[in-house]
Amino acid sequence: MRGTKLSQLGQQLFFVGPAVLFFTLITIIPFLMGMYYSFTDWNGVSGNVSWVGFQNFSTIFSNDPDFWSSFWFTVRFTVLGVILTNVVGFFLAYLLTKPLKTRNMLRTIFFMPNVIGGLLLGFIWQFIFIKGFATMGDLTGWSFFNLPWLGDATTGFWAIVMVFVWQSSGYLMVIYIASLSNVSKEVLEAADIDGASRWQVLRNIVVPLIMPAVTIGLFLAISWSFKMFDLNLSLTKGGPFKSTESVAMNIYNEAFLNNRYGLGTAKALLFFVIVAIITLIQVRITKSKEVEA
């Protein structure tokens, strides 16, 4: 019996041990070190680390308007990003589960933007906003194309939202396609026999049955939106005058450009707690609405 337990323990360590070791080295230890540095005034370079307690957090709440400005920008971006990516992803999935001849090709086309790296995608769209839209404006005379898309706070915000939705919707589309494909055909046929309209079927049958996918889609979109950095960097760099600066970029600038690593990690820790609370609430609410066929 003892030999069997030792053998099972050895097998577990052999298969799980390396993953646990690397997860600890890459995630757990840096996270704990970040928590420690958030209570110091370390500049990220020197070997002198002084404990300052809650001074960094006091600075954030009392003397850092740029952080709260970037936080408000990120909240607005997240609300729009989460809603639009899920709505677009769902309706693309709903359309591409219909018997269309080109649906496999269309699925590939809509998913492709997600494969392109965020920085590269941002620079591509930067060229489109600056050069492509200007050319289209000259050809069509439409004022929409002549807007200062990356040079104004309002249009810069919408430019980032547009690119984010364009990039992320395809991934959520795949999740919704998998969930829609598992909706019972018998249930849909019964609703059709009972005379339910398409909207009634969608609202009262399809959406409740795919709530597990909605839970995943909302969770991923919230995570992506709050963490958004690469598109922000490549499109606007937070400008003009930090009006489109996300929290992730504010933390990066604080830690690595201003050489205030302690304050930067304090912001990151505070941001982590806020995002964790929001995602836990979201998962709890959407999980409570899940039903079984």
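**Gln167 contacts.** I looked up what Gln167 touches, leaving out residues up to four places away in sequence. The list is Pro113, Asn114, Ile116, Gly118, Leu121 and Leu231. Contact here means heavy atoms within 4.5 Å. The model is predicted, so I noted its limits: local features need pLDDT of at least 70, side-chain atom pairs count only at pLDDT 80 or more, and totals for chains, interfaces and linings use all residues. Residues are numbered from 1 along each chain as its sequence is written, and side-chain values use heavy atoms, with hydrogens and water left out.

**Gln167 setting.** I placed Gln167 in helix H6, residues 153-181. Helices are DSSP runs of H or I with at least four residues, strands are E runs of at least two, and both are numbered from the N terminus. Is Gln167 buried or exposed? Gln167 is buried, because its relative accessible area is 12% and the cut-off for buried is under 20% (exposed is over 50%, partly exposed in between; 1.4 Å probe, protein chains only).

**Annotated spans.** I checked the UniProt record, an unreviewed entry, for "transmembrane region"; the spans include 156-178 and 205-226. Such annotations may be inferred rather than shown by experiment. Residues 156-178 are 100% helix and 0% strand, with end C-alpha atoms 34 Å apart. Residues 205-226 are 95% helix and 0% strand, and their end C-alpha atoms are 31 Å apart.

The domain assignment, automatic or from a database, gives domain 1 (1-29) and domain 2 (65-288). Their C-alpha centres lie 37 Å apart.
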